[in-house]
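User: Could you help me learn to read a structure that is new to me? I would like the general idea, then the case at hand.

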Amino acid sequence: MSVLLVEDDASIALVITAALEAEGFKVTCCDSIAERDRLLAANRYSALVTDVMLTDGDGLETLGAVRQAAPDMPIIVLSAQNTLDTAVRASDTGAFEYFPKPFDLDELVGTVRAAVGNAAAREDDAAEAPPAGLPLVGRSAPMQAVYRMITRVLRNDLTVLVLGESGTGKELVAEAIHQLGQRKAGPFVAVNTAAIPAELIESELFGHEKGAFTGAVARHQGKFEQAQGGTLFLDEIGDMPIDAQTRLLRALQSGQIRRVGGREEIAVDVRIVAATNRDLAPLIAAGAFREDLYYRLNVVPITLPPLRERPDDVPALARHFLQLAAAEGLPRRQLSDEAVTLLSNQPWRGNVRELRNFIFRLALFAREDRIGAAAIEPLLGTALDDPAPVEGGTLESAVGSWLRDHPLAPGAVYDAALAAFERPLFEAVLRQTGGNQLRAAQHLGINRNTLRKRLTELAIDPLLLQR
Ligand SMILES: Nc1ncnc2c1ncn2[C@@H]1O[C@H](COP(=O)(O)OP(=O)(O)OP(=O)(O)O)[C@@H](O)[C@H]1O
Ligand SMILES: [Mg+2]
């Protein structure tokens, strides 16, 4: 049950919000008519609570359009103009109730409850839907809390720290904040601070002048400058080397950067959204993450719940990914009810990413258009723990039987086979190294970042392979 509160007196807005939220309402606040109309155009609310005298005009006079757009939405008018005129004008607009200020808070909450109560039974899903245009799927209660947080940071430039396990949608949230926020006309620049070699981070973030170091053959603009006027997404911030953290902190504190080898201080106007799947508290305790940087970044934390804590979202997500798969040219499939139930009960340790990959695999491998539980079970074996061992067999015989068991669309064989091969290989090596990725990469003879990337794509969690 969502309420739009239009009130330009911040302290009153706060008190009303707190009282309504205590009653389980989701409250969105704004202080102007322009903002009200923008919010109403993009969202549905169960009720509107509005003041009359607003920063940009008369909140009553302009209610006509609101009425037309949402004829069923109850409107509750608050006003310090305790005149009969206001009361009459309020009732003329078809307002549900009129409250002269000062009013009794409990009475107001009771009225909102009554107003919404009438409509509650009719209230359809759209009212609980994520902000319009949000690419995030899922309407479980934990995700509602996330959407609420997102809407709160759209009209400001507060720094946001997105937390959550790998694959929960942190990057998607960062993009949504940019796309729906006031900086959408500016660039969205993402930088994965863990994937850049330590010695290059400074130049990546802040740029460099020609000749600043060997190999700096031309002036280079860093990510901060590229993101001017827009949003800079600092991904995997928990893995950033400590030296780079110090420089980043300096830039955030001063709002200025200096290119490597440069003299000039350049003012930067960027909104920072950072993300990590690491638990920062132990990193701070161990001295691997700067506490002051943490406080700088953690202005508005948004924590994404793991998928296993919101199984209600699995059906919608699964269908969403089947549609995406079809849009990418894979066969169009549907899921039976048992299939949906089975999927909802999986632990999805790799979260939404694992579900996504699984659904794409399913779209590819399934033989029926309507996929039943029986078609899913064998694939779950490979999605989760150990695949069945090939007793005494050779790799050749394993490949042969794998190909027989997996009739693949033309063009899809190599990637699917590679994934099928890499999974047990990586898992076996990671088990040997007790989950240590660096040693696993050395043992395999591949780059650590390559391994990391593939593990993410295959939704393998090295922590689960610790002995
Ligand atoms: N709520 C959601 N609705 C639709 N797609 C989602 C949702 N959450 C995640 N996804 C999809 O799941 C995949 C993983 O999401 P994303 O890359 O944002 O995760 P992440 O939290 O950044 O993971 P990591 O910590 O590994 O970087 C992406 O393909 C993303 O589009
Ligand atoms: Mg990410």
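User: Which residues in α15 are buried?

Analyst: A residue is buried if 20 or more other C-beta atoms, placed from the backbone, lie within 10 Å of its own. In α15, that applies to N351, V352, E354, L355, F358, I359, R361, L362, A363 and F365. An α-helix has 3.6 residues a turn, so residues three or four places apart point the same way. This is a predicted model, where local features need pLDDT of at least 70, side-chain atom pairs count only at pLDDT 80 or more, and totals for chains, interfaces and linings use all residues. Residues are numbered from 1 along each chain as its sequence is written, while chains are lettered from A and ligands numbered from 1 in the order in which they are written.

User: Which residues come nearest to ligand 1?

Analyst: Being near means having a C-beta atom, placed from the backbone, within 6 Å. Among the 18 residues around ligand 1, the nearest are S166, G169, K170, E171 and V352. At least two shell residues come from each of α7 (170-180), α13 (314-327) and α15.

User: Which domains supply the shell around ligand 1?

Analyst: Domain bounds come from an automatic or database assignment. Domain 2 (141-303) and domain 3 (307-384) each give at least three residues to that shell.

Conventions: Buried ≥ 20, exposed ≤ 12 C-beta atoms within 10 Å, placed from the backbone. Helix = DSSP H or I, 4+ residues; strand = E, 2+ residues; numbered from the N terminus.
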